[in-house]
Amino acid sequence: SIERLEEVSAANTGLNFQIALNYGSRDEMMRAVKRLMSDYDKGAITQEQLTEKVFSGYLDTCDIPDPDLLIRTSGEERLSNFLLWQCAYTEFYFPEVLWPDFDKNELKKAVEEYTRRDRRYGGIKGE
């Protein structure tokens with residue numbers, strides 16, 4: 001199914017759809033810190049050079065934009081160790097419907113809800 005999805009969406013632009021299998025954010029961040037420390041030990045990076053953007057470059061997801069919308073269909077309302085760093089400014093949507101029944105109509109509802117949100121990226125309303 002994933003290979004078919006990749007094939008039919010290969011020419012699409014403007015939207016990133018990610019599927020993470022056997023992924024854990026804490027593990028990803030630990031591996032990133034170890035790579036960062038190794039680069040520090042080699043003199044490839046200094047403390048002064050370390051920024052959020054630089055740290056993000058050490059993550060497995062460095063070439064993937066942070067998500068704007070996270071849809072959690074499991075009935076749970078938590079991250080569960082999923083994209084902890086990347087979801088800092090993500091909007092969350094928790095539909096009543098579970099994954100097997102999540103269809104185009106449900107996706108449309110999620111996107112409509114998302115468009116009504118006031119995205120401030122950590123700022124204060126009205127900034």
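**View 1. Asp27 and its salt bridge to Arg31.** Asp27 counts as partly exposed, at 45% relative accessibility. This is a predicted model. The Asp27 side chain meets the side chain of Arg31 in a salt bridge, with 3.0 Å from N to O. Arg31 is partly exposed too, with a relative accessible area of 29%. Why are Asp27 and Arg31 separated by about one helical turn? They are four residues apart in helix α2. Helix α2 spans 25-41.

**View 2. A salt bridge between Asp60 and Arg35.** The closest N and O atoms of Asp60 and Arg35 are 3.7 Å apart. Asp60 is partly exposed, with a relative accessible area of 40%. Arg35 counts as partly exposed at 35%.

View 3. Arg116 forms a salt bridge with Glu113, the closest N and O atoms being 3.1 Å apart. Glu113 counts as partly exposed, at 24%. Elsewhere, salt bridges with shared partners join Asp27, Arg31, Arg35 and Asp60 into one network. The structure holds eight salt bridges.

**View 4. The largest pocket and its lining.** The volume of the largest pocket is about 1900 Å³. Its lining has 39 residues. Which of them are closest to the pocket centre? They are Asn16, Phe17, Gln18, Ile19 and Leu69. At least two lining residues come from each of α1, β1 (69-71) and α4 (104-115). Helix α1 gives the most, with five residues.

**View 5. Leu69 in strand β1.** Leu69 is found in strand β1. Leu69 is partly exposed, with a relative accessible area of 23%. Its C-alpha atom is separated by 8.7 Å from that of Ala110. Leu69 and Ala110 are 41 residues apart along the chain.

**View 6. A nonpolar surface patch that includes Ile19.** Ile2, Leu5, Val8, Phe17, Ile19 and Leu21 make a nonpolar surface patch of about 570 Å². Where is Ile19 found? Ile19 is in the loop between α1 (2-9) and α2. Ile19 counts as partly exposed because its relative accessibility is 43%, while exposed would need over 50%.

**View 7. Stacked aromatic rings.** The structure holds four aromatic pairs. One of them is Phe92 with Phe94, a stacked pair. The ring centres lie 6.2 Å from each other, with 0° between the planes. Phe92 is partly exposed, with a relative accessible area of 27%. Phe94 is partly exposed as well, at 29%. Trp99 and Phe102 form another stacked pair, 6.4 Å centre to centre with 10° between the planes. Which of these two partners is buried, and which is exposed? Trp99 is exposed, with a relative accessible area of 58%. Phe102 counts as buried, at 17% relative accessibility.

**View 8. Positive phi at Ser80 and Asn81.** Ser80 is not a glycine, yet its phi is positive, at about 55°. Asn81 is not a glycine either, and has a positive phi of about 65°. Where in the structure is Ser80 placed? Ser80 is in the loop between β1 and β2 (91-93). Asn81 lies in the loop between β1 and β2. Ser80 counts as partly exposed, at 39% relative accessibility. Asn81 is partly exposed, with a relative accessible area of 29%.

Key
Residues numbered from 1 in each chain as written. Predicted model: local features only at pLDDT ≥ 70, side-chain atom pairs only at ≥ 80, totals over all residues. Heavy atoms only, no water. Patch = residues over 30% accessible without salt bridge, like charges linked within 9 Å, V, L, I, M, F, W, Y side chains within 5 Å. Areas by Shrake-Rupley, 256 points an atom, 1.4 Å probe, with all protein chains shown as cover. Salt bridge = Lys/Arg side-chain N within 4 Å of Asp/Glu carboxyl O. Buried < 20%, exposed > 50% of the residue type's maximum accessible area, 1.4 Å probe, protein only. Phe/Tyr/Trp six-rings, centres within 6.5 Å; stacked < 30°, edge-to-face > 60°. 1 Å grid on protein atoms, 1.4 Å probe; cavity = no way out; pocket = protein on both sides within 12 Å on 5 of 7 lines; lining within 4 Å. Points joined across faces, edges and corners; volume = space filled by probe spheres on them.
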